[in-house]
Every structure is written in structure tokens, then in C-alpha cells.
Amino acid sequence: MERTYLMVKPDGVQRNLIGEIVSRFEKKGFQLVGAKLMQVSKETAELHYGEHKERPFFGELVDFITSSPVFAMVWEGENVIATARQMMGATNPKDSAPGTIRGEFAATVGKNIIHGSDSPESAEREIGIFFKENELVEYSKLIKEWVY
Ligand code: DAT
Ligand code: MG
């Protein structure tokens, strides 16, 4: 089973979208294995978004993600990394399909509600940045038989 790191960004938390977003992934059949509301430090933000260090929007991105709490999550399921990216929608909400999280709730790329890992490598890296091993829970759910 694959795992991914998903995060409701400060705009999503402020706009009361935690429940809506968690609900979408639950209903899809994915399993939550870790979650917490947290304030991201500048150091953690710079590490998490390290791949964008040279981009002109890097400073704004770090300021934004540290501006207010985020809801950090780890989700598990078959193909959860790619499927969650599809459920999130395109990075820029002007291109996000209707029905996706960004397509439904976001209006600008700077405030696009949710983060999701884009590959198995980034999922492993990002889970390691935000969660300790003992914060992730392994458990079985009978519903799996009806999803897979
Ligand atoms: P994604 O979040 O879809 O993985 P990304 O990794 O390319 O997208 O960029 C990370 C975040 O940086 C993105 O969610 C919003 C912000 N961002 C990306 N491109 C931007 C741009 N051209 N101007 C401002 N912010 C941008
Ligand atoms: Mg990205």
C-alpha cells in the first residue's frame, strides 16, 4: 500500500475546509494513518519547499505556509499519490477541473488550499519532514474488502 503526504494549507484551515477535504479522501476509500493541526516553522517550510528555492515566489510561499496553522495528514491506499493529485486539481486554480478540490474552492495559485506529494520519493521525504514514525498508525479496516 502506498502512502502520501497531504496538507490543508493555512487558507484551507482558515476557510473551514478541513472537514470537507478529509471527507473527500475518506469517501474515496483511502485510509488516514496520521494527522495533526500544526504551526509550520520557517525552517520546516524551507525544507519542505526546497525544490522551489530558486523560484521568484519562494519567499512568499514560505511566508504563506507559516502564516497560520496547517492540517498535516498521511493517507494510505492503492495509487494514493497520483489519485490524490488528481482529486486536488491543477496547481493553478484557473486550470483546475470542476469537481477537484482546487477547482471547487480555490481562486489563485498563491492560495490553492492543499498540498500533496507528487511522487513516491517526495511522499517519503515529506512524510519524514512532518511526522515521526510513532505518529503514524497501522491498523486494518474491514471496509477495505469493499473498496479493493
Ligand atoms: P503543487 O502544489 O501543485 O505541487 P508546485 O509544487 O509546483 O505545485 O508549487 C508549490 C506551491 O507553490 C503551489 O502549490 C503554489 C505555489 N506556486 C507555484 N507556482 C507559483 C507561481 N507561479 N506563483 C506563485 N505561487 C506559485
Ligand atoms: Mg509540488
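**Second largest pocket.** I looked up its lining in this predicted model and found 15 residues, with Glu26, Gly29, Phe30, Gln31 and Lys141 nearest the centre. A pocket here is an open set of points on a 1 Å grid over the protein atoms alone, where a 1.4 Å probe fits, with protein on both sides within 12 Å along at least five of seven lines; lining residues have an atom within 4 Å of a point. I noted a volume of about 180 Å³, the space filled by probe spheres set on the points. Strand β3 (70-77) is among the contributors and gives the most, three residues.

**Largest pocket.** I recorded about 570 Å³ of space. Its lining has 25 residues, and Lys9, Phe57, Leu61, Thr91 and Asn112 are the closest to the centre. Strand β4 is one of the elements that supply at least two lining residues; strands are DSSP runs of E, at least two residues, numbered from the N terminus.

His115 lies in strand β4 (residues 114-116). His115 is buried, at 11% relative accessible area, where buried means under 20% (1.4 Å probe, protein chains only). Among the residues that His115 touches, leaving out those up to four places away in sequence, are Lys9, His48 and Glu126; contact means heavy atoms within 4.5 Å.

**Conventions.** I number residues from 1 along each chain as its sequence is written, and chains are lettered from A. Local features need pLDDT of at least 70, and side-chain values use heavy atoms, without hydrogens and water.

Terms used
Predicted model: local features only at pLDDT ≥ 70, side-chain atom pairs only at ≥ 80, totals over all residues. Helix = DSSP H or I, 4+ residues; strand = E, 2+ residues; numbered from the N terminus. Buried < 20%, exposed > 50% of the residue type's maximum accessible area, 1.4 Å probe, protein only.
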